[in-house]
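Colleague: I have a few questions about this model. Please keep the answers brisk.

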Amino acid sequence: MSKIFELYGHRLDCWDEKAEKNLSRVWCPFMNAECDGGGNRFQSAIDLNKTPELKAKIPNKNIIQVGVCSLKPRQNEQPWIVCPRRLLSLKGGSLSDKQSFVRRHLSDISELEAGKKYLAWSEVKIKTQVAVGKNDARSFDYTFDYILSGVQKKKLEDIAHIVGLSPPVVRRLAAENGFTIASRNSDIWVDDFPTDPLIIIEVMTSSTSGGNKRNRTQIAMACEDAILKGDKHTAPGINYRQVWARMVSQLIVKSQVGMAWGAKTVWLVQDVLADYISKSTGLILSQYLSEHLDEVNILAYGYGDKIDSLGDSIIELENGNLFAGPITKSGDAFSHDGFIDIVKIGAPPPEEQIWKSLLKKAPIGVWKW
């Protein structure tokens, strides 16, 4: 039976006074800010005024976001992270010390220099038409979770030329978005314009099944019951197929975009998701264990054996592994086919499986023509 493992950043099985105080603020220790439900659960927001018991625990709020960080599908299994903020959050002015290992490991893998300034953006959307040949154009419509860049001083006129906008428009946009504008020798400069290195970071966590309203396994209901009853609740399950489908539809595309920009794209996942990918597709990640970035890059982190010890109620993810390799086969007779294998079947079921499945299901009718 699925249970919530972490609620507003704290282990439910190690719930203590610190966790209760944190709950009263609905605070996310990984964002160092109020929980936003992972950024995509607003339809599951909880109205505290409808439940006096919840309101008593969180007196200064009326509406809160669901603070489920992870689920434990079964008693003896590793938890599955269902909130991207749990894996990595770069939002806010103060970065969490509970994600220092992930940030440090990511920086080392990306060869970012310690002490050097880098800028971070979140939810960067690019929707455009790209000319292909004389009479054809292709659409590009994707949003990137995070983008990191270096900074450089650059003349406003040069920036205007690069981005295809007039200098007054560039100056207005730079001022509106907090860039540093300076005047030197009659020239206008932007002192912190983005430059290489450019790192694209995609955070992929698990999805939950829809749950059942009658059994109170919908995510908001499970959150309410966990707040009020602790372990005496039932949570939704993990939607394994949706996780894989979302990732496979973007993994190659965003990696190719990074290559086209002279950048690197890094996917952050949990180790149990990496294991699931290896078991359900033709991509065997263990064959791509690496110390250096390549065309496609997956960084996997996990809880390790920390879930077995009842220590701090907040666990920092560690055990980072980099899986990196080419998109397609390089031509080397001993090389693997590449990360394109993620779209291939892991192993086809035997033919008798289809006959067995048809036998177990009534036909819906007869086909005639």
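Colleague: Which residues of helix α4 are buried?
Modeller: The model is predicted: local features need pLDDT of at least 70, side-chain atom pairs count only at pLDDT 80 or more, and totals for chains, interfaces and linings use all residues. Numbering starts from 1 along each chain as its sequence is written, and side-chain values use heavy atoms, without hydrogens and water. Buried means under 20% relative accessible area with a 1.4 Å probe, protein chains only. In α4, residues 100-109, the buried ones are V102, R103, H105, L106 and I109.

Colleague: Why do the buried residues of α4 line one face of the helix?
Modeller: An α-helix has 3.6 residues a turn, so residues three or four places apart point the same way. The arc is taken from the directions from the helix axis to the C-beta atoms. Down the axis of α4, the buried residues line one face because they fall within an arc of 165°.

Colleague: Which residues are closest to the centre of the largest cavity?
Modeller: A cavity is a set of points on a 1 Å grid over the protein atoms alone, where a 1.4 Å probe fits but cannot get out; lining residues have an atom within 4 Å of a point. The largest cavity holds about 70 Å³ of space. Of its 14 lining residues, the closest to the centre are C28, C35, G67, C69 and C83.

Colleague: In β2, what is the bridge partner of L7?
Modeller: Strands pair if DSSP finds at least two bridges between them. β1 (residues 3-7) and β2 run antiparallel, joined by 2 bridges. The partner of L7 in β2 is H10.

Definitions and conventions: Buried < 20%, exposed > 50% of the residue type's maximum accessible area, 1.4 Å probe, protein only. Helix = DSSP H or I, 4+ residues; strand = E, 2+ residues; numbered from the N terminus. 1 Å grid on protein atoms, 1.4 Å probe; cavity = no way out; pocket = protein on both sides within 12 Å on 5 of 7 lines; lining within 4 Å. Points joined across faces, edges and corners; volume = space filled by probe spheres on them.
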